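Please take a moment with the sequence and the structure shown below, and keep both in view while you read.

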Amino acid sequence: MSNRIAIATGGLAAFSVYMMVQAYRTVPPQGQSLVAYYETRMANVKKSLAPHEVVGFLMDETQDPGEARTRHEMTQYVLVPVVVANDAERPLVIGDFRGPDLGAKRRLEKKLVLVEDFGDGVQLLRPGER
Amino acid sequence: MFFALLSWLAPLVAAFFFMRWFGLPCSSSPLCWGLAFGLALGITSANYYLCLLAFRPPGDTYRLTELILFTFLAAFFGHRSRRARILDGLAAPKQGRDLLGLVLILVLVTSVHVFFLLSHEWPHGKWDAWSIWNLRARFFYRGSEHWTDAFSPLTQHPDYPLLLPASVARGWLYWGEESAWVPIQIALGFCLATVGLLHGSLAILRDRRQGTLGALLLLSTPAFIALGTWLYADIPLAFYILATAVLYSWNEQLGKDHAGLLSLAGFMAGLAAWTKNEGLFFVLAAVLAGLIVGIPHHQWKTTAGRMIIFAAGALPILALVAYFKLVQAPANDLVAGQSWADTTSRLADWSRYRQVTLAWGEALLQFGPYMIWVLLAYFVLLGPAPRPWKQNGLDFCLCLLVLQAAGYFFAFITTPHDLQWHLETALNRLLVQLWPLVVFSFFLAVATPAEAQQRRTVGSLPLQ
């Protein structure tokens, strides 16, 4: 086999082994799954909702649109078959807050009242008197 | 667990025996198992969706009936003699295992290990997995008679096709619970099926060593395995794109049209449309590519007839996709965001072309991250294949790549979303969808080590 062919085929084989070693390095350290975190947080509020209900969603304000989407869509994922709309204009609204103060502020802004606080920033809300 | 195993095994074995009965070269096991996996997943997901429509939701009767049906089909095709040996004349001579083959086994085992490590890290996949694909599967599985809430406009991309969600929900139905292993198994299956199909088809169309080199290159692409573990639909789509091109290339290699191969190629293209919206464009691109490369070589009627057979193969699945799109799914965001004024204004905006071209250039140069340079260096060292390109369908594959890439390009140009955001979130995944076909085309076009050796030997002979 000529040198050029040996370099090409051997080089490709060596490259693939090198990329595999690199792939091991990219495996991140074990962390808590975001889905598991949301499953735990939303477990109690899920029990208070009828299946197939359409509920709203309210969270504390964030400058990061990616974070806002993640929190809404993660809530939707763990609450299926409930449909979680990304607005607060529903008879029932899920609150996902980082702390009680932030929750109270957002509730006032949206004129919502607390139905039940499930802890860890998760609340069930409904529209107050307009 | 037992039922979960059967849920894959029965249709997989039935599809494998069907492939063998059909006349495909199943002595190359990875190839036939790969094709059988894609066919089985496609058919069972379509069947599950039809049963959802009919029985909302399917239960034990569905499981039992389906199992009996696939067991019967496996027995039927398993005991029938082969209808024809379509590709026997094209099979490459047997070659023993060499060092390269051992490297492939090592890299394959390592890849599967990395796959499991990454899957252990994110068992529910990444963003699109839980906001689109597995979300839809949960609605199917948990939704009972309200399973159509999966297509609520309040959820993300409710118009996306259903091969993956239906497969996952079906797996859960057999498993008896929502195990994270089901989508992981499907994703791993598609990764391995793609590698097997690439290896086997190159081994037949070129030689076994060429197949090994192609499989090595695909496995050493980090995005290929990583995207698999994200549980997105891009790898399944990449599989169906490759399967279509491979089956079409075999037909080209035969030298005369084989209706079975063409219709199976069309069926795989239909399954691409059942997997992702990009697959709908792919069906169109495949028909166009067939016409473009066919007309200069054959009579217009022959080429048109060939593409009609191809389209007829795609028709059953396209009818299902059409029903879903027209009856159940809300409008697609990219389509709904178009109007004559908006679209023409985007098409006339040259800054968008510059932005998209630069993004494509950058993505291609960084893909892999060294893939483009590896391909270039390899081609320089071995040179082009000595066989005419027309023989093995390379022109079809290249035309398909250009058309599909052009479709993606103009989807970015006309996107109603923020262009930079759209490029950042989608471009790399689109490249991965096409990557197995790129590798297949590359190893069709480049000389095999044996051919390169022969060329050098002949070139170095003294003149008489």
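This is a predicted model: local features need pLDDT of at least 70, side-chain atom pairs count only at pLDDT 80 or more; totals for chains, interfaces and linings use all residues.

Residues are numbered from 1 along each chain as its sequence is written, chains are lettered from A and ligands numbered from 1 in the order in which they are written, and side-chain values use heavy atoms, with hydrogens and water left out.

Two packed helices are described by the angle between their axes and the distance between the axes. Helices here are DSSP runs (H or I, at least four residues), numbered from the N terminus, and axes are lines fitted to C-alpha atoms over the stretch in contact, with angles from 0 to 180 degrees between N-to-C directions. In chain B, helix H5 (residues 127–142) packs against helix H6 (residues 163–175) at an angle of about 45°, their axes being 8 Å apart. That angle makes H5(B) oblique to H6(B), since angles under 35 degrees count as roughly parallel, over 145 as roughly antiparallel, 65 to 115 as roughly perpendicular and the rest as oblique.

A pair of aromatic rings is described by the distance of the centres and the angle of the planes. Rings of Phe, Tyr and Trp (its six-membered ring) pair if their centres lie within 6.5 Å, and planes under 30 degrees apart count as stacked, over 60 as edge-to-face and the rest as tilted; by this rule there are 40 aromatic pairs over all chains. One of them is the stacked pair of Phe16(B) and Trp33(B), at 4.0 Å centre to centre and 15° between the planes. This pair links distant parts of the chain, with Phe16(B) in helix H1 (residues 2–22) of chain B and Trp33(B) in helix H2 (residues 29–55) of chain B, 17 residues apart. Phe16(B) is buried, with a relative accessible area of 10%, whereas Trp33(B), at 35%, counts as partly exposed (buried means under 20%, exposed over 50% and partly exposed in between, for a 1.4 Å probe and protein chains only).

Methods: Helices (H or I, at least four residues) and strands (E, at least two) are DSSP runs, numbered from the N terminus.
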